[in-house]
Amino acid sequence: MLSALARPAGAALRRSFSTSAQNNAKVAVLGASGGIGQPLSLLLKNSPLVSRLTLYDIAHTPGVAADLSHIETRATVKGYLGPEQLPDCLKGCDVVVIPAGVPRKPGMTRDDLFNTNATIVATLTAACAQHCPEAMICIISNPVNSTIPITAEVFKKHGVYNPNKIFGVTTLDIVRANAFVAELKDLDPARVNVPVIGGHAGKTIIPLISQCTPKVELPQDQLATLTGRIQEAGTEVVKAKAGAGSATLSMAYAGARFVFSLVDAMNGKEGVVECSFVKSQETDCPYFSTPLLLGAQKEALPVAPWCPPSPRLSEEKKGIEKNLGIGKVSPFEEKMIAEAIPELKASIKKGEEFVKSMK
C-alpha cells in the first residue's frame, strides 16, 4: 500500500526506485511533530532517495521517530527534542525542510502568522547556518514571502549565505493548479504542469495558465474563477477544516515532491525543474518565484594527478543551476504580476527589517 504514496504527480515526481550509491540523502525536518511535519516525514521515510531522516521539534519527536522507524524502508530515523538537541539533528545534513510554526485558523491571513513564525524561522535557520551551512534549506513556514528574506538575512549575519541553496517551497500552488486544471478539463493530473510564479500568498500567487502543458483554452470568466480558486485554495482548506488546522496533507505531499526533485538534481539527474520563491533578478522584487533548473553543475575535476580532468559533480554548485525566468505571459498574467509586486516588496521588507531589529 505505501508505495502508492510515492505515485508521481507530473514529470517532476517520476523517479526510479533504485538504491544506487547516490541515493543517500541526509534530510532533517524541523517541526516534525506538527500537522505538516508528520505526514511529510512519512513521505520522506518512504523514499529510496533518503538514507537518513532526522526529526526535530519541541515536543513528541521521540514518539514520531519511533513510529516511523518501524516502516520497512531503509532510511534510518532519529528524533531530537528541544533546542539543546538541535545541533546534533542538523550535523551532516544535505537538505533541511522547515514546516515549523503555527498554522492558520479561519479569518487569519498568512501574514497574521508573522510575529510567531518569524521568530521560529530565525532561530531554526540560525542553527542551520551554524551546524549545516552547506545544506539546502527549504522553508515551508508561512508567510513564505517574509520567511525567505528572514532566512537569507540570518545566513548573511553568519557569513554563510548562498542564494542558490535557500528555497521558499511554493510547490503546493503548482500542485493545486495542476489538480484544478485537470479537474476542469478532464485531464490526467499527472500530465498537467502549470507554472506558478510570484509569491506564496493571495494575489502574489500567479498561475501562468497560458504556459500550461498540455495547452488549455479557457474563456476569460472561467480563467478568472480558476485563478481566484488557486490563489485562495489555502483559505478553502482552512474554512473546510473549521478551526482544526490548515492544509497539512497536501502541503506535506508538495514539500516531499520539492525535496525529491532537489535530491534527484543533486544526484546528477538533468532537466529537473521546480518553481520556488528565491533570490531573483527577474523583476524589481529582490525575491520572486519562477521555474528553476535544479542541479549539481558539473565541473572538470581531475580524478587523480595522472588523469585528464573529467566531469564530476561539484560540491559547491548544488541547488539552483539556472533561473528559467517568467517567459511569455498573457496580458491578464502581466497585470497580475504588476499588481503583486507592491505586496511582495512590503512582505520582503518586513522580513528583512525583522532580522535587522533582532539583537
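**Helix packing and burial**

The protein has 10 helices and 11 strands, where helices (H or I, at least four residues) and strands (E, at least two) are DSSP runs, numbered from the N terminus. This is a predicted model, in which local features need pLDDT of at least 70 and side-chain atom pairs count only at pLDDT 80 or more, while totals for chains, interfaces and linings use all residues. Residues are numbered from 1 along each chain as its sequence is written, and side-chain values use heavy atoms, with hydrogens and water left out.

Of the 359 residues, 54% count as buried; buried means under 20% relative accessible area, with a 1.4 Å probe and protein chains only. Taking contacts (heavy atoms within 4.5 Å) with a separation of 6 or more, 72% are between residues 24 or more positions apart.

Start with helix 1, residues 37-45. Seven of its nine residues are buried: G37, P39, L40, S41, L43, L44 and K45. Their cover includes strand 1 (25-30), strand 2 (50-57), helix 2 (61-69), strand 3 (76-81), strand 4 (95-98) and helix 9 (249-266).

Now the helix pairs. Two packed helices are described by the angle between their axes and the distance between the axes. Axes here are lines fitted to C-alpha atoms, for helices over the stretch in contact, and angles run from 0 to 180 degrees between N-to-C directions.

Helix 5 (residues 144-157) packs on helix 10 (residues 331-357) at about 35°, with the axes 7 Å apart. On the helix 5 side, the contact uses N145, S146, P149, I150, E153, V154 and K157. From helix 10, the residues include L344, I348, F354 and V355. By class, this contact has seven nonpolar, four polar and five charged residues. Asp, Glu, Lys and Arg count as charged, Ala, Val, Leu, Ile, Met, Phe, Trp, Tyr, Cys and Pro as nonpolar, and the others, Gly among them, as polar.

For helix 6 (residues 171-185) and helix 7 (residues 220-231), the axes come within 10 Å and cross at roughly 145°. D173, A177, F180, V181, E183 and L184 of helix 6 meet Q222, L226, R229 and I230 of helix 7. That contact has six nonpolar, one polar and three charged residues.

Helix 6 also holds R176. What is the nearest side chain of opposite charge to R176? It is D173, 4.2 Å away, and the buried R176 has no salt bridge, defined as a side-chain nitrogen of Lys or Arg within 4 Å of a carboxyl oxygen of Asp or Glu. Not counting residues up to four places away in sequence, R176 touches R110, A233, G234, V237, A247 and S250.

Technical notes
Buried < 20%, exposed > 50% of the residue type's maximum accessible area, 1.4 Å probe, protein only. Lys, Arg positive; Asp, Glu negative; His and termini not counted.
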